[in-house]
Amino acid sequence: MNVLVWRSLIRYPHRCMCTVTGSSSQVCHNNLYLQITMNVLVWRSLIRSPHRCMCTVTGSSSQVCHPLNYLDGQRVDPKCTQTFDLREPATGKSLRFVASSNEEDVDMAVRSARREFKAWKKFSGFERGNVLKKAANIIRMRSEELARTEVLDTGKPIYEARMDIAGCADTVDYYGGMAAGISGEFLQLSNGNFNYTMREPLGVVGGIGAWNYPFQMATWKSSPALACGNTFVFKPSPFTPLTAVMLGEIYKEAGLPDGCYNVIQGEGETGALLGNHPDVNKMTFTGSVPTGTKVMEACAKGIKHVGLELGGKSPCIIFNDSNLDNAVSGAMMANFFTQGQVCSNGTRVFVQNSIMGPFIAKIVERTKNMKIGNPNHEDTKVGATISEEQAMKVLAYVDIAKKEGASVLCGGERVVPEASLSGGYYMSPCILVNCEDHMTVVKDEIFGSVMSVLGFDTEQEVISRANDTEFGLAAGVFTNDLKRAHRVASELEAGSLYVNNYNVYPVGVPFGGYKKSGLGRENGPEALDLFTQVKSVYVEMGDVEAPF
Ligand SMILES: NC(=O)C1=CN([C@@H]2O[C@H](COP(=O)(O)OP(=O)(O)OC[C@H]3O[C@@H](n4cnc5c(N)ncnc54)[C@H](O)[C@@H]3O)[C@@H](O)[C@H]2O)C=CC1
Ligand SMILES: C[N+](C)(C)CCCC(=O)O
């Protein structure tokens with residue numbers, strides 16, 4: 001390695017220079033001594049543009065190397081010199097240092113979005129929809145690359161990442177289809193007078209995402225916003241910065257004018273700058289309740305619209321007349337996707353006492369059979385937790401559960417699936433019994449694969465216990481009694497209800513919470529209302545009858 005390159009690495013630790021191919025884990029390390037083969041070509045181009053990262057890696061890994069802010073239709077390096085370490089959950093290794101965005105970077109992104117808003121809002125809904133529909137098709141064409149990149153960022157198993165990306169393409173397609181129909185209403189008044197309403201965009205929308213569904217958050221937030229004629233600035237989670245930028249390139253290829261979709265990378269500070277920016281008209285946020293509260297406070301100060309997708313501690317209720325195999329599958333789906341890091345998870349599994357024995361026998365057997373391993377392997381069902389900190393938090397909850405009197409029937413331990421993955425944080429999915437409503441694990445959102453099983457006897461009892469939480473994101477009920485299913489669904493205080501299934505979210509189905517789980521809805525037609533404002537136009541057809 002040439003001395004210039006070394007110098008450049010020292011001066012720009014967050015930029016990466018590599019010529020690696022193949023597996024992601026060895027890509028773009030910031031550490032100087034790592035397995036990066038620097039060749040003369042790279043060295044030459046580095047001299048020409050030292051601030052750029054150059055690599056010839058293939059597949060998902062190549063996404064790591066490029067600039068990760070996206071401004072005016074281009075990947076750019078931010079002005080900010082502060083960086084954060086991006087680690088690959090599967091191995092725990094550093095992928096690169098990513099540059100944060102400071103006040104100037106955030107301002108440039110917002111200004112770009114504001115400038116382009118003037119033109120984008122004048123496109124017809126049909127024209128905007130066409131761009132989104134084309135983008136959906138490009139997402140489908142690039143789905144494997146997107147899914148692999150999502151695995152690299154999140155540690156979730158590839159089968160799941162593929163499902164996520166397919167759903168995202170559908171969402172973008174759906175809002176593309178809806179765009180042409182966004183319209184106001186006409187109201188006939190007396191004497192030929194009338195009023196009409198227009199649904200107008202809000203302006204610049206700021207989005208902030210969490211790390212569990214990075215591409216989904218970028219698409220679920222941006223596509224309805226763009227369909228309505230808004231422009232968008234997105235800050236992904238610092239744990240998962242990669243796919244939101246790819247979405248920018250996809251939108252551009254589909255014909256979205258430069259500046260309509262921008263990405264700024266960064267941590268909480270950058271998010272706060274976006275939320276407090278005076279020229280942002282709406283914030284749409286996914287993450288924890290404490291951070292959501294801060295975003296809402298920032299919006300309150302600026303009288304901005306706000307959408308919040310926050311935490312949950314949802315109930316999944318299983319009556320004794322359910323199809324037991326379906327109920328077991330449902331309870332697993334309610335707990336074990338994405339290493340349990342899902343806001344809508346039904347982590348309080350209420351099982352009617354008369355079927356507790358057979359339910360437990362089946363679910364423990366099936367949970368133990370879940371393959372924990374390399375998230376890129378086809379048969380892996382449990383991948384890596386997002387970070388060491390998150391894994392420690394989840395394991396600590398298992399300890400608290402034991403201390404408070406719950407029993408672990410399986411899992412709840414750190415696992416090293418193979419030596420090469422020893423730096424990653426893999427945990428066996430955990431089932432807790434002898435749980436009681438007052439226990440910490442039954443009250444707190446753990447955000448990991450920890451299922452608490454609770455017994456119940458009567459319908460009224462379980463409804464009141466299920467509702468006894470500050471959250472209200474989702475809830476599930478398993479029963480073959482049709483009347484009971486609908487009765488219980490109507491009594492449960494949650495925004496997303498499942499009858500005889502759990503954690504399915506087909507396109508068009510609104511998703512969002514009651515109580516502290518959030519405000520607003522995503523993924524359905526309601527989102528279009530939430531990204532528009534109504535202008536009401538009164539038209540007088542006669543003379544003005546003034547009282548003075
Ligand atoms: N319910 C949900 O959807 C999620 C819940 N969580 C929970 O939150 C815990 C912490 O995870 P984090 O990723 O740190 O979640 P978080 O809620 O702190 O972060 C979510 C996003 O908000 C940004 N952010 C942080 N501070 C901000 C501020 N003051 N203003 C604006 N944006 C800000 C972050 O950079 C990230 O992009 C997890 O352990 C989990 O329990 C995490 C992710 C999603
Ligand atoms: C829609 N869903 C449940 C897959 C993800 C929503 C966001 C979250 O879990 O933080």
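How many residues surround ligand 1, and which are the closest? The count is 27, and the closest are Gly268, Gly271, Gly287, Ser288 and Cys343. A residue joins such a shell if its C-beta atom, placed from the backbone, lies within 6 Å of the molecule.

## Before we go on

This is a predicted model: local features need pLDDT of at least 70, side-chain atom pairs count only at pLDDT 80 or more, and totals for chains, interfaces and linings use all residues. Residues are numbered from 1 along each chain as its sequence is written, while chains are lettered from A and ligands numbered from 1 in the order in which they are written.

## Around ligand 1

Helices H10 (268–276), H11 (289–302) and H14 (388–403) each bring at least two residues to this shell, and H10 gives the largest share, with 4. Helices here are DSSP runs of H or I with at least four residues, strands are runs of E with at least two, and both are numbered from the N terminus.

Sorted by class, the shell has 9 nonpolar, 12 polar and 6 charged residues. (Ala, Val, Leu, Ile, Met, Phe, Trp, Tyr, Cys and Pro count as nonpolar, Asp, Glu, Lys and Arg as charged, and the others, Gly among them, as polar.) Ligand 1 lies between domain 1 (69–311 + 524–534) and domain 2 (315–507), because both give residues to its shell. Those domain bounds come from an automatic or database assignment.

## A look at Glu309

Glu309 sits in strand E11 (residues 305–309). An unreviewed UniProt entry marks Glu309 as "active site"; such annotations may be inferred rather than shown by experiment, and the positions use the numbering given here.

Is Glu309 buried or exposed? It counts as buried because it has 29 C-beta neighbours inside 10 Å (20 or more means buried, 12 or fewer exposed, and in between partly exposed). Leaving aside neighbours within four places in sequence, Glu309 is in contact (C-beta atoms within 7 Å) with Thr286, Cys343, Gly512, Gly518 and Glu522.

## Strands side by side

Strands E5 (residues 186–188) and E6 (residues 194–201) run antiparallel, joined by 3 bridges; pairing takes at least two DSSP bridges. Leu187 has Asn195 of E6 as its bridge partner. The two strands form a hairpin with 5 residues between them, and Asn191 in the turn has a positive phi of about 55°.

E6 also pairs with E24 (residues 532–539), again antiparallel, over 8 bridges. There, Arg199 is partnered with Val534.

Conventions: Contact = placed C-beta atoms within 7 Å.
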